[in-house]
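Me: I have a protein model open and want to learn how to read it. Can you take me through some features, step by step?

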Amino acid sequence: MSDLSEAPKPTPSRLKRLAGRWWRRQSPSRQDRFATMGPLVSVLLFLAAITSAFWYLRNEEIDRATEALHRDTEVAQQQIRLHLIENQEQLVRMARELVTRDIDAKEFMHQAATFQRERPEVRLVAWINAQREVRASQAVSTFHPETAPNGEIPEPALPVENQRSEAEAAFLAAREARQPLYSKPYNDAQGAPVFQLHVPLIDRHGFAGAIVVEYSIEALLRYFVPAEVTRRHAIVVLGPDQRVLTGTVNTPTQTQSTNTLAYQVPLAPLANGMQLRGQGFRTSIGLIGNTLFWMVVALSVLTVWMLLGTWRHMRRRGQIQKALVQETNFRRAMENSMLTGMRAMDMNGQVTYVNPAFCAMTGYAETDLVDGFPPFPYWPADRIEENMRLLQQELQGRSPAGGIEVKVKRKDGSVFDARMYVSPLIDPKGQQTGWMTSMTNITEAKRIRDQLSASHERFTTVLEQLDAAVSVLSVQQGELLFTNRSYRLWFGGDAKGHEGLTSVGISPPFQAEGEDNVDTLSGLPTQELTESGAQPREVYIESLQMWFDVRSRYLQWTDGRLAQMLIATDITARRRIEEQAQQQAERAAATSRLITMGEMASSVAHELNQPLTAITNYCNGIVSRVRAGTIQTDDMIAALQKTARQAERAGQVIHRIRAFVKRSEPQRQASQAVDIVEDAVELAGIELRRRKVNIHTYVAQRLPPLMVDPILIEQVLMNLLKNAAEAIDSAQMPPSRRHIELRVVPKHSAEEGGVIEFSVTDTGPGMKEDVLARLYEAFFSTKVEGMGIGLSLCRSIIESHQGRIRAQNLYNGSSVTGCRFAVTLPVDLTQRAEGPAVPDVPMEAAVSNPNASSS
């Protein structure tokens, strides 16, 4: 606390010194801005203070009017409430006397008349029994002119059974609650808003009727709302739906005002949804109608407008000064930062201006050059005459447009090469006052140009020695821009060789139609074309009997033209090797099929033995019955038809075997997966039935066609099915595990795209890990008689179709439950590079499981 008490307190003089110090630290432009903004801020603060004062006074007046409205509305509510409660108590006493039979109908009429005469708001007092029959009633004659002579009151004054009215609803509610209840407001026959009070009559037998009293809402307001309240505010009665039922009459001034206040309270003790609302009127004219306020606002706006005009004028003047300073500084900075030397001379050859770059190039100061006459100090001694001749040519305006190359001597005696460009110097009036010369040091540029020339020679020498043909063709004109020795050796100097390598004519697409020279490549993304990589493809040239690996890309030539470069490498030897490998693969496939059918020979013999035996039996039976003369023509025809069907069956078996074994050229065609599966299962079924192995197939619907060789794919599936059956049979699996599942479903992956998967799943013993590792090793087999070429050939066939083959064991916990081979083939192969049906891959072999090998 002592430190705080001893802290120095700011004094006016100290604050003044701080303010003066802060003001002096500001720049002149900021001081002008503050000096202009000070009066503007003061006027705005004054206007804000006046507005706040008017607003505060107006709000105070509104608050007082609101409090008076609340007070008057609650007074009116209390007056009506007390009167209604007093009436209800009087009616309850009358109801008690009626129940005890202390009074009769005549006496009731007398009391009702007295009750009504003292209460002008009551329009009807009636005594009805439990059956809603009127025992006695007293109504205001002027209120119900249609009242019948017998005293009955027409609708909607009294409740009527099975009639939906407010009186009926209040009568039923009073009968149920057995206490006085008010009805909801409604309009009587004259359209005046009224409501009823139903006081139930309860005797020892129960509900005996009710006393019905009808109130006029308008009379309640007129007689029981104090006059001083109605003079100050308008009192309105609202129905349950917030509809105005009636209200007091407003004064003309209040009626014309639209800026009203409202306060709403429930009309107790009715409890029927009616509300009493008081409406007040804001007598204050507000800020909008206050003349003094608008005078202050007008004067403030005028002052602000004048201050803003002054501030805008000062700002414009400051901007002009700032722009002038910036322009001067920019020009000076541009001159000082230019790497090109600038020199100005008058018409007589006297130097009038040099920039810093010119001084830096020559090594002389500005004072050494300005106002000087030729010969200039930066002229070499041995070139004075030549430079004088060039200067006279310059002064006469005959300098070449491409500039002149000269030698310039620095102050230290060194010489460098420079190029000068001369242009006339024009003043603001359009008159020539001299010559402007720009000088550039081209020593380094000449050195780089010489190096580029040497580099170009070396690059050309390398390209000439390449074994590949290199050519560059202009895309727009179809003109050869560059060819190397190999290209000229094979194709000469003609652009047709380039077009033949691209397999597409170049010139026609870029030639103009008609007489107009139209560039059909305008709008092409040149940058994207030049940045794209090489596009390799293999092209066969018939005239040379050679295959070329062609790589092309677009580039921008030295003169800015779009060009296409081709690099064509001779691959004829490789193609021949691939063709030989293809032929060997075809022979291996045919051999594999023959081996497969050799292993299935016994099964095929058994398959053919059944129809042949049936044919023999049918023929022997027919012969026996013909000899005995006991055969009918119909029986003979039926037997011969069965014999023919068995012969067809045997022929189909032989046809399928011949189609499978027949050696033919691989031919890709659009094939359906379901047809391939049916043929493969039909051929493999012979082996599966012999080994007592069941097969389950599932082929998804609406599969897209495959562009494959169906015979080769059938060979792969048959090999996988045969290996699975051998694995199950060799392991002597129980009947519950002697089955194979073949599924064909579509799949899609980011790596392979859209493919169709053929999966063969068996329930055999699976494969060991070392076998899985050597699955595709050449001539590897776990069977004694296996050759180990089946799975290797399957892999070659699938890869030739750009597909994949995979094998894996299936596990249930730690135990092996079978093996699964999956083959995936791309859906669309039409866009892939053409190649042999079976690629040049090493002949490999593997087993499908530990106890089976490929055929």
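**Reading the model**

Reply: Start with the overall count. The protein chain has 24 helices and 27 strands. Keep in mind that this is a predicted model.

Me: How much of the protein chain is buried?

Reply: Of its 855 residues, 39% are buried.

Me: What share of the contacts between residues at least 6 apart in sequence join residues at least 24 apart?

Reply: In the protein chain, that share is 61%.

Me: Now a single residue. Where is T761, and is it buried or exposed?

Reply: Find the secondary structure element, then check accessibility. T761 lies in strand β25, residues 753-762. Its relative accessibility is 16%, so T761 counts as buried. The cut-off for buried is under 20%.

Me: Which residues does T761 touch?

Reply: Leave out residues up to four places away in sequence. T761 then touches H739, I740, E741, L810, C819 and R820.

Me: Let me try a loop. Where is Q179?

Reply: Q179 sits in the loop between α5 (166-177) and β3 (181-182). With a relative accessible area of 43%, Q179 is partly exposed. Beyond residues up to four places away in sequence, Q179 touches A174, H198 and P200. Q179 and V199 are 20 residues apart in sequence, and their C-alpha atoms are 6.5 Å apart.

Me: Where is Q732, and what is its phi?

Reply: Q732 is in the loop between α22 and β24 (739-749). Its phi is positive, about 50 degrees, and Q732 is not a glycine either. Q732 counts as exposed because its relative accessibility is 68%. The cut-off for exposed is over 50%.

Me: Next, helix packing. At what angle do α21 and α22 pack?

Reply: Read the angle, the distance and the handedness. Helix α21 (residues 673-690) and helix α22 (residues 710-730) pack at about 35 degrees, and their axes are 9 Å apart. Their crossing is right-handed. On α21, the contact residues include I676, V677 and L683. On α22, they include I713, L717 and L721.

Me: How do the residues of that contact divide by class?

Reply: Between α21 and α22, the contact has 13 nonpolar and four charged residues, with no polar ones.

Me: What lines the largest cavity?

Reply: Name residues, then elements, then classes. Among the lining residues are R343, W379, N387, E394 and M420. Both α12 (384-395) and β13 (404-409) supply at least two lining residues each. By class, the lining has eight nonpolar, one polar and three charged residues.

Terms used: Residues are numbered from 1 along each chain as its sequence is written. This is a predicted model: local features need pLDDT of at least 70, side-chain atom pairs count only at pLDDT 80 or more; totals for chains, interfaces and linings use all residues. Side-chain values use heavy atoms; hydrogens and water are left out. Helices (H or I, at least four residues) and strands (E, at least two) are DSSP runs, numbered from the N terminus. Buried means under 20% relative accessible area, exposed over 50%, partly exposed in between (1.4 Å probe, protein chains only). Contact means heavy atoms within 4.5 Å. Axes are lines fitted to C-alpha atoms, for helices over the stretch in contact, and angles run from 0 to 180 degrees between N-to-C directions. A crossing is left-handed if the near helix is turned anticlockwise from the far one by less than a right angle, and right-handed if clockwise. Ala, Val, Leu, Ile, Met, Phe, Trp, Tyr, Cys and Pro count as nonpolar, Asp, Glu, Lys and Arg as charged, and the others, Gly among them, as polar. On a 1 Å grid over the protein atoms alone, a cavity is a set of points where a 1.4 Å probe fits but cannot get out, and a pocket is an open set with protein on both sides within 12 Å along at least five of seven lines; lining residues have an atom within 4 Å of a point.
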